[in-house]
Amino acid sequence: MDTLRYIAYRLLQAVPVLLGVSIITFTLMAATPGDPVRLLVGDRASAETIALIRDRYGLDEPVLVQYFTYLKNLLAGDLGASLRYRVPVSQLIAQHYPVTLFLVVYTVVLTLPPVIALAVWSARRQNGPADQVIRLLGVLGLAVPVFWLALLFARFFGVTLGWFPVSGFGDTLPDHFLHLFLPALSTSIWVVPILVRTLRAALLEEMGRDYVLTGQSKGLGDRQIFRSHIFPNSVLPTLNLFAVIVAYLLGGSVIVETVYAVPGMGKLMVDSILARDYFVVQGATLVFALTTIFVMLAVDLLSALIDPRVTP
Amino acid sequence: QDAIRIASPNKVTVLDPIVSAAGGNIEAYGQLYARLLRRGADGALEPGLAESWEISEDGLTYTFEMRDAKFSDGSPITAEDAAFSLTRVAKDEASAYPAGFAPIKEVTAVDEDTLQITLEHPSAPMLSNLEIFNAGIVSKDDVDARGVEGAFASDPVTSGPYMVEDWKPNDRITLTANPNFWREGLPKIQKVELIEVSDDNARATMAMAGEIDVNRSVPWAQVEEVNATEGVSVALEPSTVMYLVLPNHDKAPFDDLNVRKAAAMALDRAAITEAVTRGNAEVANSTFSNALNYHDASLQPPAYDPAAARKLLEDNGLTGTEINMMITPSFEQLATLLKAQWDAVGFKTTVERVDAGLWWSKLAEGDYQVTVNWYYNETEDPDLAVRWALCDTCGSDSYYTNYHNEEVNRLTDEALRELDDDKRAELYSRIQQITLDELAQIPLYYAPFSIAYADRVKGLTLTPALQWTLEEAELTAD
Amino acid sequence: MSPLLSVRDLSVRFGQTTAVDGISFDVERGSALGIVGESGSGKSVTCRALMRLLPPAARIEGTATYDGQDLLEMPLPALNRIRGKRIAMIFQSPASHLDPLMRIGDQVAETLRKHTTMKGQAVRDEVVRLLDVVRIPDPERWARAFPHQLSGGMKQRAMIAGALACQPDLLLADEPTTALDATVQKSVLDLLAQLRREQNLSMIFVSHDLGAVAQVCDDLLVMRRSKLMESGPVARIIDAPQHEYTRQLIASHPDRLALRPVADAGTGAPLIEARGLRVRYGGRSLADLVSGREGGFVAVENADLAVRPGETLGIVGESGSGKSTLARALVGLVKPREGTVHFDGAPADPAGRGRVAYLRDVQLIYQHPFEALSPRMTVTQAIAEPLRRHRLCPAREIGTRVADLMEQVGLPGKLADRHPRQLSGGECQRVAIARALAFDPRVLIADEVTSALDVTLQAQVMDLLLKLQKERGLSMIFISHDLAVIRRLCNSVIVMRRGRIVESGQTAAVFDDPKEAYTRQLIDAIPHLRAGAA
Amino acid sequence: MKLSPMFVTGVVLVLVWGLVAAAAPLLATHDPFAIDFAAILQPPGADHWFGTDNVGRDTYSRVVYGARLALYIGLLGVVAPLVIGMTIGLTAGYFGGWVDTLAMRLVDITVPFPFFVLVLSIVAVLGPGIENYFIALALVGWVGYARLARAEALVLRQSEFVLAARTMGFSHGYILLRHVLPNALSPVVVYLMTDVTLVILFGAALGFLGMGVSPPAAEWGVMIAEGQTYISTAWWISFFPGLAMVLIGVGFALIGDGLARMLRIER
Ligand SMILES: Nc1ncnc2c1ncn2[C@@H]1O[C@H](COP(=O)(O)OP(=O)(O)OP(=O)(O)O)[C@@H](O)[C@H]1O
Ligand SMILES: Nc1ncnc2c1ncn2[C@@H]1O[C@H](COP(=O)(O)OP(=O)(O)OP(=O)(O)O)[C@@H](O)[C@H]1O
Ligand SMILES: [Mg+2]
Ligand SMILES: [Mg+2]
């Protein structure tokens, strides 16, 4: 019951957060020079045509007026329309968001098992050969730029071996899994090391606690002590970092989306920024914000569930 | 599989042919909207929706006889529709590129099948201009019924070989054959997917993996490699594209002819061309593309002579002049070469990289010193090119370089009205001479299109006017 | 028949420090061996060494033969079959030895799950039974609680319950009853005695409480400075101690100390006073709001207390009765829902404005000294911290002042650069005391400060406190389970039970003529040093 | 305190890169910016140890000079996020209540916020330059640190030694600094050293999207991005800066692990 109240409270807080996000985005977009109309009509259009269209889209109004118009429509559930495509922003988001969400969830699914396995393995044999290898590979995965690695993966797994498609999203669910495998894999390659390193450090830290002695005195094997005592006590920092990374993945997916020609939010966002398609940027940011709020909330609830000392 | 998949870095953003003159749209408009005339395989103008035409003695009245064709929705394509469409492109305020139709006084439907265009003054390239991408015929009834926004939103009534099956903005547009297309039995390919893939490598990989049939733009660095790939070959197709250095004539230091001259002489344009295009392009010799009519092959810009360039700067006390070169990300390699060569003769160059959005607005506002870019021309007639790049009173301030020369402006108009071929050649030669002498721009190279086709694609090319010849292309079973 | 456990020449070294120096002893089947001795003499280290629970840095020598096998050489899997099932251990500081994220019930159940075939409901029932056996009230409820919600004594009892779960042959009990009040302690001791009878349980019982040792054990080891001083049957040692240190130890037992009447404190106005304090843990949930219930857990209800300058107030009461909570409320760690605190005649807000000045005068010594020390600070840093931060003495003199304080509480100088982890329980306790004394406070609240100290040290610390009281008129609130200590030290006493003060008055009056049955029970439960018994 | 060999290896690696950066003019065999039409896309050989790029610049010399930018970006780029993140995270976790709520909602605002919009606007308003990349990082990069530090502080604030410090009348600031911070540091240090690599890489990703350091700077990320197109024809253009990146990344990672180990309280 308390939890429900907490959730409701947090969701209520989402309102100012969303407002803040929209204000900042709007201000920044307004402050960024570059004319959407110029990009829209192409290089050959005359100044008069551009002025006309600017006027038609209300882009010549003062920023504040534009913002309030936007806000008014937003409250009515209208995210506005893309300047470039003249389709509702909500349609663009409905088209791109599931792709990225799928990608992020897929990445998470590919990421978590190795993170846990490797961190535990490495911590339990601290400084052993396995630990050294894991750490070295981790740094390797971390230091290799995603776009470069992604390119190699595409060439190798996609072209040379022909195991996976190198582009697109596919039409059916199994298709999605197949198409997004390489993008998700390329992303996990750098996410896994970050989390492994954090988790490993925490595991080592917890291994020195007194309650570990209690476990040993009970005759529990190393494995069990790890599983039921050390591990739960170590996950909090990793979980928090994980939340931040997941949230970043949404917006940061642009790199793999570009390399693998995946029609997702990251690409929509960057394309819209480059085209100064204000309302799409706005709408996409709000959707990111909402997702972030949910991810953070989930992690906070999970933290409180794991650690009773953490009151949400 | 009977769909042809074409990946291009350019995206489709609007389906209304008059609204945009951006690359991706131009390529799509051609498939959706047929024009009065069309280009044959050899590039000559042939009857399109107009079966025949007549031009009055004074060159002011064009009369077209329309053929019995239908829109994709089955309704007949009438002179009324043609008049409506051409009036829009010529006169509508929102028309993005009306330059070629400026001489038009009026377009009227004389009867169901007869269309008449009257001009203010003679225009030599009028016919060829009527073939370009934004002169496509749209359905008046449909626009009347659904309004401009509605008619072109996602499923316009089309007159061309294809119609829209599904449009996913920012991703791909899927076209399907128009059953009512006037050319019997065409198109042969039932389905076309125009996919936007911005990353060069992604397109290359997709082509190698057989996920696309056509790669619209193969980076020079990969031409050889892709060509060597089994099942794919790269075609270098003629284009009117030329790459050039754009100096701002309104701003120091490039308002000074000496600076422009030194900058031009500092550049080993042959080496630059070789380095950037891996030998796939031709060094430019004129302010005109070599694919344009009346291109003067005898001209030459100042030759590569770094010593002379340095001396010129020294003599004029210009050594150490600071240059700010604004570029978009795709010009990094070129910018590096220019900077190195300019600095070698005594300039001090900084490279400022901006995104395309910023680049355009800075360019249009004249807020730059020098930049590099390319442009293409829709027809082989140089009129539009001159208006775009060299004439400052023709609407675009000489490609926003603010290059101003009264004589060039005058010659531009004269050449438009002149119907005699030889005389026009002379006029355009003169324009090239002047603009090269004054270094309105520093021409770099003439680049062909480099397009990769899967072997199963037959008969497909991209015309210099940026139109795919999809209606006659075929997919063979491989 | 060979002894169950036979230890020969056991030595443990941490680098240069020798923590245990060549001790040998036997534990017969069904017998109990007591270990007493100076704080820091190696008692805990000995126990841990037997279970091979020392940090890798420790070097262990000697043999420990258990049931024919050497515990120190045995392969780990084999050892794990013995640990928890046949040899169980109770750790000295229960607070840090419980996993903070696991429910008490689950921690008790762990050994059952590992070593027996019990499953599901059977395990849960057994856990509840075990908690009940160690006298945790309402065991079903506390089985679901997390360690941080338990009072010190409850944690200790949970620990004991866990150790007894698999009915081990040998129990290593490291000060298992220090945090327990007399009645609970008595029942735990009775329980152990009963298990010895019924299950032939053997044990090693480490304690500072000679009385308790005498009650439980057959044999006794006396340790000092890592060495074995003497060993033999309990009765023999108590009656005829051979060694000087042993004699001192016995003489320091409260039972043997002359009952000095506590000096009467002045009759001045109370220095610190609390009225109607009420403390509740946990917030109200929506369900509570709707039903009008108060929710949470009321730990202290309507508590009044007053201490005059130079006076000492004792607080006794069963474990979990709210003693520590009351102390915490006085220093502002928990916010009372109701009630007021007055200091020096004026209302004080320990958690709010003026807290810095207030806290300089009112200091709390924590029940769990190890947890109360910052893990990254050395002994010197910890003691010097208040001096430095509050500029309690000139910077130049901090070094000497720290050394002085360490000396006063009997901390050897060689510990100066150690971290809490490298200290014994009693050593941590003394660091905490020294740190509080550094403030030179006017009111000292001591929560179980003597329980981790051996009797000689206890006597030394008490003398120190009495001296300070005499010299500076220090007021004290003394929370303890050790009624003997209370009796020696306190002018007046309050008795708490289930969050309420059930009795209060002059110490002598309360002790000699308790009004409440509960108080009577408490007093009767004090283990005495039975000379010549057994 | 004993230094582990891994930690020493890490320090040595980073120091070597520091030396390379400092002595770049001595180590380089060519001018890193000099183009050479005659030597475009040369494979590694005696003249050009790491080959040349698409304008004939010497990859080896560029990698050597690139160490300067890499260290500069990597080290400076994490400072502001670290300081801001730790401050916000510790304060939020320690005080809880509305402070925490406020800070965490700030996180919610920051995380979804499109980093590229930020970089773009900052560059557009303040002009291009690495410093603006730092500003963008400072505005966005603190979040990871904040969440990490907060998670630790939330638990630490309940621990007895922190409570004890409170009852000793110490100020909150002091307690945060002296009692909470040191005990919350270990995961942060590990992440910090990871972040150094991430920051360098992020610069590269910006280069990939066309928003990075302006040419002709010798920056590894940009070099890798440039070399992409040549991946099967001139692998050396991107391989060597990639290798350099890995080597410096290994150095920082090892330092991170080592530091965490030193911070750990061994029992
Ligand atoms: N990890 C360690 N490193 C160094 N010295 C240690 C370590 N652990 C314990 N010691 C030292 O070993 C000695 C014996 O410690 P032990 O905990 O056995 O004492 P104890 O007899 O149990 O004392 P107490 O009654 O105070 O609990 C002490 O002086 C202590 O400081
Ligand atoms: N954080 C908490 N949340 C819920 N209940 C708590 C919390 N802290 C303490 N309690 C409960 O409050 C009651 C009083 O605890 P307190 O620590 O004051 O007992 P105590 O009298 O000091 O006992 P002991 O002698 O065992 O130390 C106990 O029942 C305990 O379980
Ligand atoms: Mg001990
Ligand atoms: Mg207590």
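Guide: A polar contact is a pair of N or O atoms within 3.5 Å, where one must be able to donate a hydrogen and the other to accept it. Please keep in mind that this is a predicted model.

Visitor: Happy to. How many residue pairs are in polar contact across the interface of domain 1 of chain C and domain 3 of chain C?

Guide: Let's start with the layout: domain 1 of chain C covers 1-86 + 169-252, and domain 3 covers 270-524. Their C-alpha centres lie 31 Å apart, and the contact takes 17 residues from domain 1 and 21 residues from domain 3 of chain C. Salt bridges between these two domains of chain C number zero. For residue pairs in polar contact, with both residues at pLDDT 80 or more, the count is two.

Visitor: Which element gives the most to the side of domain 1 of chain C that touches domain 3 of chain C?

Guide: Two elements of chain C give two or more residues to that side of domain 1: helix 8 (182-199) and helix 11 (244-252). By class, this side of domain 1 of chain C has five nonpolar, nine polar and three charged residues. The element that gives the most, with four residues, is helix 11 of chain C.

Visitor: Now for chains A and D. What is the area buried between chain A and chain D?

Guide: The contact takes 73 residues from chain A and 62 residues from chain D. On the chain A side, A:Phe147, A:Trp148 and A:Arg197 supply 12% of the area that this chain buries, more than any other three residues. Carbon and sulfur atoms give 71% of the area buried between chain A and chain D, which comes to about 5,800 Å².

Visitor: How many salt bridges are found across the interface of chain A and chain D?

Guide: The rule asks for a side-chain nitrogen of Lys or Arg within 4 Å of a carboxyl oxygen of Asp or Glu. A:Asp300 and D:Arg150 qualify, therefore, with N to O at 3.5 Å. Across the interface of chain A and chain D, the number of salt bridges is five.

Visitor: One last thing: is the link of B:Cys391 and B:Cys394 left-handed or right-handed?

Guide: Over all chains, the count comes to one disulfide. B:Cys391 and B:Cys394 form a disulfide, with sulfur atoms 1.9 Å apart. The angle about the S-S bond is 85 degrees, and the link of B:Cys391 and B:Cys394 is right-handed.

Methods
Residues are numbered from 1 along each chain as its sequence is written. Chains are lettered from A and ligands numbered from 1 in the order in which they are written. This is a predicted model: local features need pLDDT of at least 70, side-chain atom pairs count only at pLDDT 80 or more; totals for chains, interfaces and linings use all residues. Side-chain values use heavy atoms; hydrogens and water are left out. Domain bounds come from an automatic or database domain assignment. Contact means heavy atoms within 4.5 Å. A polar contact is a pair of N or O atoms within 3.5 Å; within protein, one must be able to donate a hydrogen and the other to accept it, and residues adjacent in sequence count only if both atoms are side-chain atoms. Ala, Val, Leu, Ile, Met, Phe, Trp, Tyr, Cys and Pro count as nonpolar, Asp, Glu, Lys and Arg as charged, and the others, Gly among them, as polar. A disulfide is a pair of cysteine sulfur atoms within 2.5 Å. Buried area is the accessible area (1.4 Å probe) that two parts lose on being put together, summed over both.
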